[in-house]
Amino acid sequence: MSIADLTEASFLSENRISQHEWQASSVDWTTLHQIGLNHEANIEQLKETAEMYARIIQRCQYVHSVRWRVKDPQHLMEKIVRKTQPNTPTFKQKYVGINQTNYDSIVTDLIGVRALHLFKEDCLPVHDYLCQEWKNAEPPIYYVRNGDDKVFTELPSDVEVKIHPAGYRSLHYVFGSQPLNHIVFTEVQVRTIFEEGWTEIDHKIRYPNFSHNEQVCEFLLMFNRLAGSADEMGSFVKQLVSELEQHQKSIDEITQKSDENAQEVAELFKLLEQNESKQQGSQELIDKLRAQVEQLQAEKNTLQKATKHHVANRLHLMGKAQCKAAELMK
């Protein structure tokens, strides 16, 4: 439905806003309706800005994929109602006095962009990339789940860490740009693909009908923990593969050295046999050659032991991986 055709009654009904909530809000229908109309008229321009952000962010090699959206006019209006109800968890003081001329400087997520990455630790280079491209209009926020045992200490001190009650994990940025005659704010969210999957399902299931249902919230929290375990496993497997590649490289180097020594030993034995059979070499040369043979044989034994050690380490790593998988599956 076009905002022009939207009535106060239909808006409240479609967005499940009770009369009590509507009366508690400090915004009136005329102002709210005008905000919706103004935003609806600017959507195409905002889409161009969103596409610009998406193109630039996708250039970062640590970003797997990018999604974007421009806020739906009715969703904007519903958000303003929630943010202007005093004595509620959603109330925001900055929304008091909002109108059609200042709403786009108060609501900072009219444009939303999501940068998705594969491994948890990839958020660090993504953070650096974003902060090189744009200046923060607000301090970045890193949302974590209660019980997370590791917060990236490598992040700058201006990144605020907040525990999200629903278990949501994501880095949030607000950037300002001026493609037209005034500043446009864009919210950029950075999270893993697993976290994106959980967030999408959580939002689809929880809102608007079951946001406070205890059983639904409990199962969604369990789902959140599974997504977190998947992220942990992804990082662990990445580390495991790196260590296995290093071990394999060491084994290949040892094998190559062992083969070279074996060839040298064979050639020296052949030379010794020739000298002894033809009695052309002096006893001193023969003794020297025998000493070299013994040294090469000793090196070969050492290399064989090193190879067994690296194989044992590889088996240990595989066992460690199995234990980690079992732990995360509990």
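**Close-up views of a predicted model**

View 1. Apart from neighbours within four places in sequence, Glu 21 is in contact (heavy atoms within 4.5 Å) with Arg 16, Val 81 and Gln 85. The model is a predicted one, in which local features need pLDDT of at least 70, side-chain atom pairs count only at pLDDT 80 or more, and totals for chains, interfaces and linings use all residues. Residues are numbered from 1 along each chain as its sequence is written, and side-chain values use heavy atoms, with hydrogens and water left out. Glu 21 is partly exposed, with a relative accessible area of 30%, where buried means under 20%, exposed over 50% and partly exposed in between (1.4 Å probe, protein chains only).

**View 2. Strand S5 and its partners S3 and S6.** Seven of the eight residues of S5 are buried, so this strand is largely enclosed by the rest of the structure. S3 and S5 pair (at least two bridges found by DSSP) in the antiparallel sense over five bridges, and Ile 141 stands opposite His 172 in S5. S5 and S6 also run antiparallel, joined by seven bridges, with Gly 176 opposite Phe 185 in S6.

**View 3. Contacts of Ile 57.** Leaving aside neighbours within four places in sequence, the residues in contact with Ile 57 include Val 63, Val 113, Trp 134 and Val 188.

Terms used:
Helix = DSSP H or I, 4+ residues; strand = E, 2+ residues; numbered from the N terminus.
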